[in-house]
Amino acid sequence: MLAVGLATAHAPVSAQETTLPSIGGSGGGLISGQQESDIGQQVMVSIRRSAPRITDPLVYDYLNAIIYRLVPSAPLQNRDLTLALIDSPAINAFAVPGGIVGVNGGLFLNATTEQQFASVLAHELAHLSQRHFARRLEQQETSAPLTLAGMIAGIVLSAVTQSDIGIAAIAGTQAFAAQNMLAYSRANEQEADRVGLDILATAGMDPRGMPEMFEIMMRQNRLQGNQVPEYLSTHPLTQSRVSDTRNRAEQYPHEDIRDGQEYHLIRSRLQVHYSSSPDVAVKTFEAYLNRPDAQQNDAIRYGLAVAYLQNNQADKAEEVLRDLLARNPGRITFQVTLAEVLINQKHLKAARDLLQDALARNPGNYPITFTLATAEIADSNGNAAAEHLRQLTRRYPGQEHLWLRLAEAEGMGRNIVGVHRARAEYDALMGDLESAQRQLRQAQEKLPAGSPQRQVVTERLAEITRRLNAQKNR
């Protein structure tokens, strides 16, 4: 279910850009698979425009890996998922039609183990696989299609503005209906719990992480009093449900399933990100290291290195990271973070050498490639950076920040056609098809007639124009 309150809106979205697909159609079903896909695309446009995102490649790469560890065990009809990583310290996760799975950075802060973290993702994949959102829409089948589209628009708008703006835009009883649709029913939650537990067990993870995570949420709920945590506002949680989930989890065989180290490294990285200041982060992780046996905890030492980097203590960060790498040769997270330190220190050749060696051992790796492109940009090597970024945009075409970075690199390399093409893809992802069309026309004008590159641009321009015309005719 789409959770309330992803973020405060920073950019207005025009009526044209938020036009949602018509609801209804053939086959007696309320919404088709294609319509779900269209809804998902509109949700992503809203998120890209209005919700702060975490673009850290190390965090995204971990989330992508854990999601696709769970996906083969989920009864999904469509396994082509789009991930939205929201920059908020609150506990929250959501899933909407079209294969959109969103996670707040705060989920890493509150889930103390990887099993707990994965349980929330498994629960959301279960909602998606059981089409709970669509089934709730089908309960409203007596409503007119435009009313249903308006309800979806209200839900989306409420989610991305962290307010009741979307609900207020829907009059009378429809507002009440939309408000109700923000929360899953008890039956939906129980079904998602049951399916989610199976997903965890089949994926080789511990189902007991789910009741443990529920307990953490219940404690937060008690501590916050009347202010219900974001996740619980859309996923009602009772003590009886926690008990039922614990009993179900205990039916699975007891196995010694340990967390992967990467989860705790990423969690430390985000703890620094959400600290009130870099100085506070340094003091916090230094205090952690004073605990018994903490010197052997690489995740704590890594967190301290990240805190040192953010606190402009690059020399100390480098010392910790080199020691970690000596003990963990080839660990990508340590290599990438050390490269970030070297870039910060303007040691660009050292950073490039480190990353090129790492990339040779891990071809195509997202964090390594992105950080290498960053090093090349810092060294004014626009063409080299653009080549790395083009590879990433081919593999991750929905990551809008990569297109912006590519436009910067192309400009540095004086490839004006490349700038227009990258900006066009960014604009298309942001829902501004008219701007994308203008960018492609400018690129087309600068290319010789009959050239292969012009043919590619012409075909992309035709596709964008078709989408724009379809949008105007809705």
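Accessible areas are those that the Shrake-Rupley method gives with a 1.4 Å probe.

**Figure 1. Overall view of the predicted model, with its surface and its secondary structure.** The protein exposes about 20,600 Å² in this predicted model, and carbon and sulfur atoms supply 48% of that area. Its secondary structure consists of 24 helices and three strands. Of the 474 residues in the protein, 54% are buried, and among contacts with a separation of 6 or more, 67% are accounted for by residues 24 or more positions apart.

**Figure 2. Close-up of the largest cavity and the residues that line it.** The structure holds one cavity of 30 Å³ or more, and about 50 Å³ of space lies in the largest cavity. The lining is made up of Arg53, Ile54, Thr55 and Tyr60, together with Leu83, Ala84 and Leu85, and with Gln399, Glu400 and His401. Sorted by class, this lining comprises five nonpolar, three polar and two charged residues.

Figure 3. Strand E1, which spans residues 82-86, and helix H21, which spans residues 400-412, are the elements that give two or more residues to the lining of the largest cavity. The greatest contribution to this lining comes from E1, which gives three residues.

Methods: Residues numbered from 1 in each chain as written. Predicted model: local features only at pLDDT ≥ 70, side-chain atom pairs only at ≥ 80, totals over all residues. Heavy atoms only, no water. 1 Å grid on protein atoms, 1.4 Å probe; cavity = no way out; pocket = protein on both sides within 12 Å on 5 of 7 lines; lining within 4 Å. Points joined across faces, edges and corners; volume = space filled by probe spheres on them. Helix = DSSP H or I, 4+ residues; strand = E, 2+ residues; numbered from the N terminus. Nonpolar A, V, L, I, M, F, W, Y, C, P; charged D, E, K, R; others polar. Buried < 20%, exposed > 50% of the residue type's maximum accessible area, 1.4 Å probe, protein only. Contact = heavy atoms within 4.5 Å.
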